[in-house]
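Let's take a look around this protein together. Keep the 3D view open while you read.

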Amino acid sequence: MKELKMFSNQIRYTIMDELECAGFGHYGGSLSIVELLAVLYGEVIDATPENVNNIDRDYVVLSKGHSGPGLYATLALKGFFPMDWLKTLNKNGTNLPSHPDKNLTPGVDVTTGSLGQGVSVATGIAYGKKAIHSKGNVFAIVGDGELNEGQAWEAIQFASAKKLDNFILYIDWNKKQNDGWSDEVSKSGTFEEKLNSFGFFTQMVDGASVEEILSATHKALRVHDRPACIVLNTTKGQGIKFLENMENNHHIRPDESMMKELKKAKEELKALLD
């Protein structure tokens, strides 16, 4: 657990650094999935730079593609591509566009960005693995705002109907989306109850706790004959108090005073790594 907590600190620091280099970006939703990314890439999945062409490996689909900076930071730290690439985020000719592109970035399994579509692709991969008796699991990460999209629920229904027990859905319940508070945009109800009603094995955990995420993931991996869902109770901008307290923290273009606060937070993270 100590190593996973340190890995999450590394990911969070790296996100802050790459977005500082870019001068703008999706801070909120990238930071809210840091602990999940640390658990997946630090402990759970078997995807490595060496086995990217092995169809029996695990797959990760970041359906909420605007959180690409979080995924990029994690992949760089795991050696999928040079750390220097992070300084090119969103720049002309980059291999790290605003949203993940599997044709550009090593380690990205699915191109995402159009919200809702990643969930469908993830269930398709899981179904395909079942059809050809391929090993490995498919882990999909969606946002709570993204679940305003009807397509996501069609995919969830499909996963349940086909008993895709090699599919785990993580919902980043950070309560906000691009247009504001999620419940003010469109009330979603209780995700845990909804996914249970669709036939999923569902758990709710503290999305800032690597212990709870890892324990819930191990439980989900032991489930048979139905897919699993883990609802992550998170905070947008998680781990950076200045961002957590900001009203509009989905996509930020910091002014001078904001950048000063962000640099201060980054240095505090760096101190934890030294």
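Leaving aside residues up to four places away in sequence, G29 touches K64, S67, D172, N174 and K236. Keep in mind that this is a predicted model. G29 itself sits in helix α2, which covers residues 27-31. Is G29 buried or exposed? Its relative accessible area is 1%, and buried means under 20%, so G29 counts as buried.

Now on to helix α1, which runs over residues 2-22. Let's look at how α1 packs with two other helices. One of them is α4, made of residues 68-77, and another is α11, made of residues 256-273. Here are the two pairings side by side:

| Helix pair | Angle | Axis distance | Crossing |
|---|---|---|---|
| α1 and α4 | about 120 degrees | 9 Å | right-handed |
| α1 and α11 | roughly 150 degrees | within 9 Å | left-handed |

What do those angles tell you? Angles over 145 degrees count as roughly antiparallel, so α1 and α11, crossing at roughly 150 degrees, are roughly antiparallel. With an angle of about 120 degrees, α1 and α4 are oblique to each other.

Which residues of α1 meet α4? On the α1 side you'll find F7, Q10, I11, T14, I15, E18 and L19. Their partners in α4 are P69, G70, Y72, A73, T74 and L77. Sort the residues of this contact by type and you get eight nonpolar, four polar and one charged.

Next, the contact with α11. From α1 come M6, N9, Q10, R12, Y13, M16, D17 and E20. They meet M259, L262, K263, A265, K266, L269, K270, L272 and L273 in α11. This contact is made up of nine nonpolar, two polar and six charged residues.

Finally, a word about cysteines. A disulfide is a covalent bond between the sulfur atoms of two cysteines. How many disulfides does the structure hold? The count is zero. C21 has 33% relative accessibility, so C21 counts as partly exposed. C229, at 0% relative accessibility, counts as buried.

How values were computed. Residues numbered from 1 in each chain as written. Predicted model: local features only at pLDDT ≥ 70, side-chain atom pairs only at ≥ 80, totals over all residues. Heavy atoms only, no water. Axes fitted to C-alpha atoms, helices over the stretch in contact; angles between N-to-C directions. Helix = DSSP H or I, 4+ residues; strand = E, 2+ residues; numbered from the N terminus. Parallel < 35°, antiparallel > 145°, perpendicular 65-115°, else oblique. Left-handed = near helix turned anticlockwise from the far one by under 90°. Contact = heavy atoms within 4.5 Å. Nonpolar A, V, L, I, M, F, W, Y, C, P; charged D, E, K, R; others polar. Buried < 20%, exposed > 50% of the residue type's maximum accessible area, 1.4 Å probe, protein only. Disulfide = S-S within 2.5 Å.
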